[in-house]
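Subject: Structure for you to look at

Hello,

Below is the structure I said I would pass on.

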Amino acid sequence: GLGEDGPTHQPVEHVMSLRLIPNLEVFRPADIIETAECWLAALQNDSGPSVLSLTRQALPALRTEPSGDNVSARGGYILRGSGADRQVTLMATGSEVMLAVEAADKLAAEGIRAVVVSMPSFELFRRQSDAYRKEVLGTAPRIAIEAAIRASWDRYLRDDDVFIGMEGFGASAPAEKLYEHSG
């Protein structure tokens with residue numbers, strides 16, 4: 001989704017590589033609200049460096065109601081839907097959260113109850129209690145969506161769950177055309 005500037009700066013593998021570095025908190029916020037929350041969490045991180053991986057795409061504000069809490073500082077949270085009766089959990093980071101929200105809307109039109117989980121920081125999510133992580137992830141089938149490689153998601157995906165992401169490198173076009181080309 002970086003545009004038509006060619007394959008010289010496509011971060012398909014960079015985010016996953018950064019997530020492997022010990023004591024590095026990697027943030028990939030989905031919108032302006034998450035960006036502010038992640039920035040605050042990065043400022044409050046006194047145990048090591050932080051990276052904010054931002055998009056250059058124009059993204060809609062996905063959270064328009066105040067939560068009274070910095071939910072991005074938990075690393076992952078239910079952005080949309082009810083955890084109680086979900087039939088599928090859609091998990092995403094960054095600009096792909098918007099795609100998960102669009103997919104949830106389409107599934108709702110077909111009578112399928114989807115929960116959208118935004119995962120701005122895998123590192124912070126790992127530090128949450130088991131009970132919190134189970135509440136957010138649920139027991140329904142999970143689909144992870146990220147324009148990156150799967151490796152970072154394996155901790156949260158079970159054998160029958162699905163990853164929609166990248167396996168290649170080098171395609172160059174406007175974001176919408178790349179998403180269409182990649183299926």
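Of the protein's 183 residues, 43% count as buried. Please keep in mind that this is a predicted model. The protein exposes about 9,800 Å², and carbon and sulfur atoms supply 54% of that area.

The secondary structure consists of six helices and seven strands. Read from the N terminus, the order of elements is α-β-α-β-β-β-α-β-α-α-β-β-α. Taking the contacts between residues at least 6 apart in sequence, 71% join residues at least 24 apart.

In soluble globular proteins, nonpolar side chains tend to be buried together. Here the largest nonpolar core has 28 residues, and M91, V116, M119, F125, W153 and Y156 are those with the most contacts inside it. At least two residues of this core come from each of β3 (77-80), β4 (88-92), α3 (96-109), β5 (114-118), α4 (122-126), α5 (130-137) and β6 (142-145). Another core, of five residues, lies apart from it and includes F27, C38, A41 and A42.

Beyond its neighbours within four places in sequence, V116 is in contact with Y77, I78, L79, R80, L90, V97, A100, V101 and A104.

The other is Y156, which lies in the loop between β6 and β7 (162-164). With a relative accessibility of 4%, Y156 counts as buried. Leaving aside neighbours within four places in sequence, its contacts are M91, M119, F122, F125, R126, L137, R142 and D161. The side chain of Y156 also reaches the backbone oxygen of F122, at 3.5 Å. Y156 and R133 are 23 residues apart in sequence, and their C-alpha atoms are 9.5 Å apart in space.

Helix α5

Which residues of α5 are buried? They are Y132, R133, V136 and L137. Seen down the axis of α5, these buried residues fall within an arc of 120°, so they line one face of the helix. On the other side of α5, the exposed residues are A131, K134 and E135. The buried residues of α5 pack against β3, β4, β5, α4 and β6. After α5 comes G138, whose phi is positive, near 65°.

Strand β1

V26 lies in strand β1 and counts as buried, at 2% relative accessibility. Setting aside neighbours within four places in sequence, V26 is in contact with V15, L18, R19, V51, P120, S121, F122 and E123. V26 and P49 are 23 residues apart in sequence and 8.8 Å apart in space, C-alpha to C-alpha.

Salt bridges

How many salt bridges does the structure hold? There are ten. Three of them are described here.

One joins the side chains of R127 and E25, at 2.7 Å from N to O. R127 is in the loop between α4 and α5 and E25 is in strand β1 (residues 25-27), so this pair ties together parts that are 102 residues apart in sequence. R127 counts as exposed, at 51% relative accessibility, whereas E25 is buried, with a relative accessible area of 4%.

Another joins the side chains of R28 and E96, at 2.5 Å from N to O. R28 sits in the loop between β1 and α2 (32-44) and E96 in helix α3, so the parts tied together are 68 residues apart in sequence. Both R28 and E96 are buried. R28 and E96 also belong to a network of salt bridges that links them with R19 and E146.

Regards

Note on methods. Residues are numbered from 1 along each chain as its sequence is written. This is a predicted model: local features need pLDDT of at least 70, side-chain atom pairs count only at pLDDT 80 or more; totals for chains, interfaces and linings use all residues. Side-chain values use heavy atoms; hydrogens and water are left out. A nonpolar core is a set of buried Ala, Val, Leu, Ile, Met, Phe, Trp, Tyr and Cys residues joined through side-chain atoms within 4.5 Å. Buried means under 20% relative accessible area, exposed over 50%, partly exposed in between (1.4 Å probe, protein chains only). Helices (H or I, at least four residues) and strands (E, at least two) are DSSP runs, numbered from the N terminus. Contact means heavy atoms within 4.5 Å. The arc is that of the directions from the helix axis to the C-beta atoms. A salt bridge is a side-chain nitrogen of Lys or Arg within 4 Å of a carboxyl oxygen of Asp or Glu. Accessible areas come from the Shrake-Rupley method with a 1.4 Å probe; for residues, only the protein chains shown count as cover. A polar contact is a pair of N or O atoms within 3.5 Å; within protein, one must be able to donate a hydrogen and the other to accept it, and residues adjacent in sequence count only if both atoms are side-chain atoms.
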